[in-house]
Amino acid sequence: MLVRLDSRFADFRPAPNLLEGRVILVTGAGDGIGRAIARTCAAHAAIVVLLGRTVEKLERVYDTIRSEGGPEPAIYPMDLSGAMPPDYEALAARVEGELGRLDGLVHNAALLGDLGPIEHYSPEGWQELVQVNVNAPFLLTRALLPLLRRTASGHGRASIVFTSSGVGRRGRAYWGGYSVSKFAIEGLTQVLADELDSVRVNSLNPGPVRTRMRAKAFPAEDPETLITPEEAARAWLWLLDTSDVHGQALDAQVP
Ligand code: NDP
């Protein structure tokens with residue numbers, strides 16, 4: 001299945017201690033691609049901050065990481081649909097106070113929302129989707145940027161990775177607020193990357209991956225035909241480590 005991955009990621013042979021001493025925060029770390037990114041980072045020696053809304057799922061990821069021999073992760077329960085600016089400031093203070101640094105910020109959590117014509121899109125659904133998919137990454141980035149900036153070290157610049165989608169680069173009928181929100185994420189990536197030299201900022205489109213969200217969008221599809229979240233997570237690992245990629249919109253899989 002790895003053949004579907006871009007060769008940069010498929011051929012990547014990371015050392016087991018690749019991210020040793022580094023702290024990586026992953027949103028939506030309890031399930032799907034976020035869970036796999038968290039496990040992969042921990043398997044390469046990173047201390048991972050597991051942020052998500054379902055505590056039991058985060059606890060299961062914590063247990064998995066420990067049973068796989070990774071460094072002790074931190075669990076940070078947070079529902080991005082209701083979090084307010086002070087909640088993000090409190091999170092930044094906790095990360096700085098308890099871990100002292102932040103080398104990577106992975107914006108992964110997202111809602112799919114309704115699929116259907118814009119004309120029939122529910123205004124409440126639109127607002128919740130924009131809150132989780134756009135406002136939360138903005139607020140989280142804003143709160144954590146001072147720490148990310150200060151973290152430049154022997155490992156190089158800190159890295160922010162925004163998770164995009166094919167429908168965030170070309171609009172497609174019936175993908176509604178999800179598509180629009182991913183366009184906004186591409187815009188946020190470009191503006192931030194143009195503003196920042198001291199922190200790397202990129203967007204990554206995973207392509208079709210075997211998760212709950214994909215199954216909801218394509219219920220008739222055979223999931224066995226898709227790459228697994230663990231395979232996709234190699235692209236994030238590469239991007240968190242690679243020192244000179246900045247301001248790019250990347251695709252994890254070849255078309
Ligand atoms: P999943 O639905 O499997 O996982 C999404 C994660 O986000 C879950 O852990 C979920 O938490 C979390 N989340 C959702 N809402 C909130 C919230 N309000 N607060 C905190 N956490 C929340 O999706 P995928 O793993 O498939 O998607 C991951 C990323 O990849 C998304 O950005 C998606 O848009 C993108 N993507 C995925 C593709 C695919 O084929 N799978 C293709 C293109 C892009 P909980 O488990 O508690 O609900």
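**Reading the labels**

Trainee: Let's start with Ser203. Why is Ser203 called buried?

Mentor: Its relative accessibility is 0%. Buried means under 20%, exposed means over 50%, and partly exposed lies in between, with a 1.4 Å probe and protein chains only. At 0%, Ser203 therefore counts as buried. Before we go on: this is a predicted model, where local features need pLDDT of at least 70 and side-chain atom pairs count only at pLDDT 80 or more, while totals for chains, interfaces and linings use all residues. Residues are numbered from 1 along each chain as its sequence is written, and side-chain values use heavy atoms, leaving out hydrogens and water.

Trainee: Where does Ser203 sit, and what does it touch?

Mentor: Ser203 is in strand 6. Helices (H or I, at least four residues) and strands (E, at least two) are DSSP runs, numbered from the N terminus. Not counting residues up to four places away in sequence, Ser203 touches Phe162, Ser164, Arg169, Glu186, Thr189, Gln248, Ala249 and Leu250; contact here means heavy atoms within 4.5 Å.

Trainee: What makes the Ser203 and Glu186 pair a polar contact?

Mentor: The two side chains come to 2.8 Å. The rule asks for a pair of N or O atoms within 3.5 Å; within protein, one must be able to donate a hydrogen and the other to accept it, and residues adjacent in sequence count only if both atoms are side-chain atoms.

Trainee: What makes strand 5 a paired strand?

Mentor: Two strands pair if DSSP finds at least two bridges between them. Strand 4 (residues 104–107) pairs with strand 5 in the parallel sense over 4 bridges, with Leu105 partnered by Ile160. Strand 6 (residues 199–205) also pairs with strand 5 in the parallel sense, over 6 bridges, and Val161 stands opposite Asn202.

Trainee: And why is the crossover from strand 5 to strand 6 called right-handed?

Mentor: With the strands pointing away from the viewer, a right-handed path from the first strand over the helix to the second runs clockwise. The chain goes from strand 5 through helix 6 (residues 176–195) to strand 6, and this β-α-β crossover is right-handed.

Trainee: What makes Tyr174 stand out in the loop between strand 5 and helix 6?

Mentor: Most residues other than glycine have a negative phi. Tyr174 has a positive phi of about 75 degrees although it is not a glycine. At 54% relative accessibility, it counts as exposed.

Trainee: Where else does a positive phi turn up?

Mentor: Ala45, also not a glycine, has a phi near 80 degrees; it is in the loop between helix 2 and strand 2.

Trainee: How do you know that Arg39 and Glu68 make a polar contact?

Mentor: Their side chains are joined at 2.6 Å.

Trainee: Why is Ala92 called buried?

Mentor: Ala92 reaches 10% relative accessibility, so it counts as buried. It belongs to helix 4 (residues 85–99) and touches Ala143 and Leu144. Ala92 and Ala143 are 51 residues apart in sequence, yet their C-alpha atoms are 6.0 Å apart.

Trainee: Last one: which polar protein atoms come up to the ligand's oxygen atoms?

Mentor: Among them are a backbone N or O atom of Val209 at 2.8 Å, a side-chain N or O atom of Arg212 at 3.2 Å and a polar backbone atom of Asp31 at 3.5 Å. Taken alone the ligand exposes 900 Å², and the protein buries 96% of that (accessible areas by Shrake-Rupley with a 1.4 Å probe; for residues, only the protein chains shown count as cover).
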